[in-house]
Amino acid sequence: MLGAGGIGSGRQVAASLALGAQGVWTGSIWLGTEEYRNLSANHSAWETAFTRATSADTVRTRVYTGKPARLLKTKWTEAWAEEGAPQPLPMPLQNLLVAEAHNRIVASNDPDVISMPVGQIVGRMNEVRPVADVMASLVSEFEEAVAALNKVNG
């Protein structure tokens with residue numbers, strides 16, 4: 001069993017393992033890395049959107065693919081949530097419907113409309129860092145959390 005959802009710190013890794021997980025699945029934390037920057041088009045808009053967001057700046061919605069996913073709140077997600085807006089189609093139809101619009105949104109390089117799946121961990125993504133630094137933080141925070149648990153266990 002893997003712990004998943006909102007894991008972006010070593011403390012959260014330790015908590016998952018303490019609750020019985022055999023490992024963890026991390027996701028969104030990697031979107032704030034230099035290596036991701038090198039893979040993504042219009043990375044400046046993504047970086048702006050991610051680094052200014054808080055954990056409260058996400059919404060769970062089906063507008064991206066038709067399946068429930070957490071996305072940054074944007075003008076796009078707000079328009080889909082307005083009264084009278086159509087209901088998202090089931091997967092894979094929703095993605096077929098909005099794929100061209102998503103491509104145009106990404107091409108706009110506008111952080112106010114860019115819509116991408118990202119978890120509430122986005123609130124920790126305050127700067128773009130190398131993967132090595134993210135890993136080092138995960139390990140050191142994990143070790144600190146485990147040491148604190150060991151003191152309690154005594």
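The side chain of arginine 129 makes a polar contact with the side chain of serine 137, at 3.1 Å (a polar contact is a pair of N or O atoms within 3.5 Å; within protein, one must be able to donate a hydrogen and the other to accept it, and residues adjacent in sequence count only if both atoms are side-chain atoms). This is a predicted model, where local features need pLDDT of at least 70 and side-chain atom pairs count only at pLDDT 80 or more, while totals for chains, interfaces and linings use all residues. Residues are numbered from 1 along each chain as its sequence is written, and side-chain values use heavy atoms, with hydrogens and water left out.

Arginine 129 sits in the loop between α5 and α6 (helices are DSSP runs of H or I, at least four residues). Leaving aside residues up to four places away in sequence, arginine 129 touches Gly32, Thr33, Glu34, Glu35, Val134 and Ser137, with contact meaning heavy atoms within 4.5 Å. Arginine 129 is partly exposed, with a relative accessible area of 23% (buried is under 20%, exposed over 50%, partly exposed in between, using a 1.4 Å probe and protein chains only).

That loop between α5 and α6 also holds asparagine 109, which has a positive phi, near 55°. Asparagine 109 is partly exposed too, at 30% relative accessible area.

Most peptide bonds are trans, but the one from methionine 91 to proline 92 is cis, with omega near 5°. Proline 92 lies in the loop between α4 and α5.

Finally, look at helix α4: tryptophan 76 and tryptophan 80 are four residues apart there, so about one helical turn separates them. Both are buried.

Technical notes: Helix = DSSP H or I, 4+ residues; strand = E, 2+ residues; numbered from the N terminus.
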